[in-house]
Amino acid sequence: MALGAGVVLGRAIGAEQATFARLAGWSIAGPDAAGWITDFLNAAYYRRPEASRELGDLRLAFGIVTTYWARKHGRRLHAGDVVPFHRAFGRERYRATPDSPRGTLNRAQLLRGAGRLLGDWFGEAWDDSARRGWAIGFRTPEARAGFRPETRLELAQVHELTPPGPPGPGQIWHTYPPVEIPSAERVTEALLATETWPDYATEVGRFTALRSSPLLGQTFEIEVAAGTESGRPVFQRGYVTITRLVDRRDQRALEEYFEELEDGLARFGRDGGPRAVPEGGEPLLGFDLTTHRGHFMGHGRNRLIMFRRDGRDYLRAAGTWDPMPWHAATAYELAGRQAQQAFWGEGAVVPMSMLHQLARHAGA
C-alpha cells in the first residue's frame with residue numbers, strides 16, 4: 001500500500017522500503033498462501049457478526065495454521081496447503097448453524113476441523129498450557145520443551161536493529177494511557193514467559209517469540225492487521241528485540257531508566273503529555289522493544305513499563321520514534337494509526353488491546 005503510493009509519487013525505493021514491502025503477510029507462509037490463510041482467519045473471526053466474535057476463536061485459528069506449519073519441518077506454507085485445509089474445514093464452512101452463518105466457522109467447527117487436519121489430540125492439547133506455546137499445540141509437554149523457535153527466526157530473516165537517534169525535538173515521544181492490572185507479579189510472570197505472548201493476541205496484532213531466550217535479548221515477530229473493522233484485514237509484520245530490562249532487583253538501574261524516560265518526555269513529549277509514572281507512583285519494571293529494519297513504524301524504541309500507585313498496579317506503553325520515512329508514514333496514516341493506538345490501550349477497546357488482555361489474564 002505505502003510502497004505503491006511511493007511509486008506513484010515517483011520516489012526511489014531503497015533497502016528499507018524494499019524490506020518493508022517484503023514484510024507483508026507471515027514469515028511462515030509464502031505470498032501465494034496469503035489468500036487462503038486470510039480467508040481462513042476471516043471465517044473464524046473477521047467476517048463473523050461482531051456480536052459473535054471471540055478472540056479465543058481467532059487465537060485458535062492462528063494456532064491451527066501455526067501448528068500445521070510446525071509439522072512441516074519448518075518449510076513455508078504455500079498455495080497447495082489449502083487442499084488439506086479445504087478437506088478438513090470445507091464441509092463445516094458451508095453448513096449454516098444458528099451461531100455460525102454459512103461461510104464462517106465457530107469454535108466447535110474449528111476444533112472438529114482441526115481434529116481432521118492435525119489429529120484428535122489437538123483440541124485437548126490447545127487447552128493445556130503445558131502443551132501450548134508459540135501459538136502451537138503439541139502432542140506432549142516433552143514435544144513442547146523440545147521445540148526450537150529459531151526455526152521461525154530462520155524464515156523471518158531479521159535485519160539489523162534500528163533504534164532511534166539521539167533525543168531531539170524532531171522525535172515523537174508518547175505515552176499511552178495506563179491500564180490497571182490486578183497483579184504486577186502475575187503480569188510480570190506472563191511477560192517473562194515469552195512463549196505465551198500469542199495467548200494475549202488481539203484482533204489487530206500479536207507477538208511471537210523467535211528465540212530460545214529469556215525476555216532480555218528475545219526477538220519478537222509482530223503481526224499486525226489493518227482494516228479489521230471492514231472485515232477485510234491486511235497483514236503486515238515487523239521485528240523488535242528486547243534490548244534493555246530493569247526491575248526492582250537493581251534499584252539504581254531502575255531509577256536511571258525512569259529518570260531518562262521522564263526527562264525525554266518532559267523535553268520532547270508533545271502537548272505537555274503526562275509523565276510515564278504519575279507523581280507518587282513507584283516504578284516496578286521497564287523494558288525496551290527496539291525495532292529492526294523494515295519495521296512498520298520506522299526507527300524507534302517502544303517500552304512497556306509497570307508501576308504501582310495508591311496500592312494499585314498499572315501497565316502502560318511509552319514510545320520514542322524518529323520521524324517516519326515516507327513509506328511507513330503513508331501506511332501509518334492510511335491504515336495503521338488507529339490499530340497501533342488501540343493495541344497499546346488507547347480508547348480501552350479491549351478486543352484490540354494487548355495490555356487489556358494481559359490484565360484479564362492476571363485477573364483470571
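These are my notebook entries on a predicted model of one protein chain.

**Ground rules**

I count residues from 1 along the chain as its sequence is written. The model is predicted, so local features need pLDDT of at least 70 and side-chain atom pairs count only at pLDDT 80 or more, while totals for chains, interfaces and linings use all residues; side-chain values use heavy atoms, with hydrogens and water left out.

**Entry 1: the whole chain**

I started with the secondary structure. The protein chain has 13 helices and ten strands. Helices (H or I, at least four residues) and strands (E, at least two) are DSSP runs, numbered from the N terminus.

Next I looked up burial. Of the 364 residues in the protein chain, 55% are buried. Buried means under 20% relative accessible area, exposed means over 50%, and partly exposed lies in between (1.4 Å probe, protein chains only).

I also looked up the surface. The chain exposes about 15,800 Å², and carbon and sulfur atoms supply 53% of that. These areas come from the Shrake-Rupley method with a 1.4 Å probe; for residues, only the protein chains shown count as cover.

Then I turned to contacts (heavy atoms within 4.5 Å). Among those between residues at least 6 apart in sequence, 66% join residues at least 24 apart.

**Entry 2: the cores**

I looked for nonpolar cores. Such a core is a set of buried Ala, Val, Leu, Ile, Met, Phe, Trp, Tyr and Cys residues joined through side-chain atoms within 4.5 Å. The largest one holds 78 residues, and I64 and F207 touch the most other members. Helix α4 (residues 55-70) gives this core its largest share, nine residues. A second, separate core has 14 residues, including W173, V246, L254 and F307.

I listed what F207 touches, skipping residues up to four places away in sequence. Among them are W197, F220, E221, L289 and W344.

How far apart are the end C-alpha atoms of α4? They are 22 Å apart, which agrees with the 22 Å that 16 residues should span at 1.5 Å a residue. The expected span is 1.5 Å times one less than the number of residues. Helix α4 is mostly covered, with 14 of its 16 residues buried.

Helix α5 (residues 82-93) came out otherwise. A straight helix of twelve residues would span 16 Å, but α5 spans only 14 Å between its end C-alpha atoms. Its buried residues include P84, F85, A88 and F89. Their cover includes α3 (34-46), α4 and α6 (107-118).

**Entry 3: strand β7 and its partners**

I moved to strand β7 (residues 234-247). Ten of its 14 residues are buried, so β7 is largely enclosed by the rest of the structure. I then checked strand pairing (two strands pair if DSSP finds at least two bridges between them). Strands β6 and β7 run antiparallel, joined by eight bridges. E223 has R237 in β7 as its bridge partner. Strand β8 (residues 282-291) also pairs with β7 in the antiparallel sense, over seven bridges.

**Entry 4: E221**

Is E221 buried or exposed? E221 counts as buried because its relative accessibility is 0%. E221 sits in strand β6 (residues 219-226).

I then looked for polar contacts. Each is a pair of N or O atoms within 3.5 Å; within protein, one must be able to donate a hydrogen and the other to accept it, and residues adjacent in sequence count only if both atoms are side-chain atoms. The E221 side chain makes one with the side chain of S27 at 2.7 Å. It makes another with the side chain of Y239, at 2.7 Å. Beyond four places in sequence, E221 also contacts residues including R152, R206 and R237.

**Entry 5: R244**

R244 lies in strand β7. At 27% relative accessibility, R244 counts as partly exposed. Its bridge partner in β8 is D288.

**Entry 6: two positive phi angles**

W134 is not a glycine, but its phi is positive, about 55 degrees. W134 sits in the loop between β1 (132-133) and β2 (136-137). W134 is buried, with a relative accessible area of 11%.

Q157 is not a glycine either, and its phi is about 50 degrees. Q157 lies in the loop between α9 (150-156) and β3 (172-175). At 58% relative accessibility, Q157 counts as exposed.
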